[in-house]
Amino acid sequence: MVMNAFILLLCEAPFCCQFIEFANTVAEKVDRLRSWQKAVFYCGMAIIPIVISLTLTTLLGNAIAFATGVLYGLSALGKKGDAISYARIQQQKQQADEEKLTDTLEGEL
């Protein structure tokens with residue numbers, strides 16, 4: 001759990017680890033990862049100690065790493081669209097499909 005906390009601190013807040021020479025390079029490499037990759041990494045990192053020893057302190061201690069992974073996962077899903085724009089896009093698709101259908105039917109006649 002201490003190693004997980006150090007890795008999380010090194011990746012997310014490298015300014016806290018200024019005394020470590022490779023902290024900035026690690027943070028730059030982690031910044032290049034996609035959001036879903038960070039989500040898998042952080043959630044996996046939090047689940048390993050829980051599998052080893054399932055106690056309340058282990059659950060609470062790894063909650064922040066798991067929460068970070070969940071937040072990265074949610075950001076990977078993207079912004080939620082509103083219902084009006086979604087309905088407009090669906091209507092445009094439906095009209096385009098109807099136009100294609102009428103064009104093919106006219107072509108057969």
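Student: Hi! Where does Ile-47 lie?
Tutor: Ile-47 lies in helix α3 (helices are DSSP runs of H or I, at least four residues, and strands are runs of E, at least two, numbered from the N terminus). This is a predicted model, where local features need pLDDT of at least 70 and side-chain atom pairs count only at pLDDT 80 or more, while totals for chains, interfaces and linings use all residues. Residues are numbered from 1 along each chain as its sequence is written, and side-chain values use heavy atoms, leaving out hydrogens and water.

Student: Why is Ile-47 classed as partly exposed?
Tutor: Because its relative accessible area is 40%; buried means under 20%, exposed over 50%, and partly exposed in between, with a 1.4 Å probe and protein chains only.

Student: How far is Ile-47 from Ser-35 in space?
Tutor: Ile-47 and Ser-35 are 18 Å apart, C-alpha to C-alpha, and 12 residues apart in sequence.

Student: Which residues make the nonpolar patch?
Tutor: Ile-47, Val-51, Phe-66, Val-70, Leu-71, Leu-74 and Leu-77 make this surface patch of about 700 Å². Patch residues have over 30% relative accessible area and no salt bridge; nonpolar side chains (Val, Leu, Ile, Met, Phe, Trp, Tyr) are joined within 5 Å and like charges within 9 Å. A salt bridge puts a side-chain nitrogen of Lys or Arg within 4 Å of a carboxyl oxygen of Asp or Glu. The areas come from the Shrake-Rupley method with a 1.4 Å probe.

Student: And which helix gives the largest share?
Tutor: That is α5, with five residues of the nonpolar patch. Both α3 (35–52) and α5 (63–77) supply at least two residues each.

Student: Switching topic: which residues gather in the negative patch?
Tutor: Asp-97, Glu-98, Glu-99 and Asp-103 gather there on the surface (Asp and Glu count as negative, and a charge is placed at CG of Asp or CD of Glu). Glu-98 lies in helix α6 (residues 83–108) and is partly exposed, at 43% relative accessible area.

Student: Where does UniProt put the transmembrane region?
Tutor: The unreviewed UniProt entry places that feature at residues 39–72, though annotations may be inferred rather than shown by experiment. Over residues 39–72 the chain is 88% helix and 0% strand, with the end C-alpha atoms 5 Å apart.

Student: And which residues does the signal peptide cover?
Tutor: The unreviewed UniProt annotation covers residues 1–18. Over residues 1–18 the chain is 61% helix and 0% strand, and the end C-alpha atoms are 21 Å apart.
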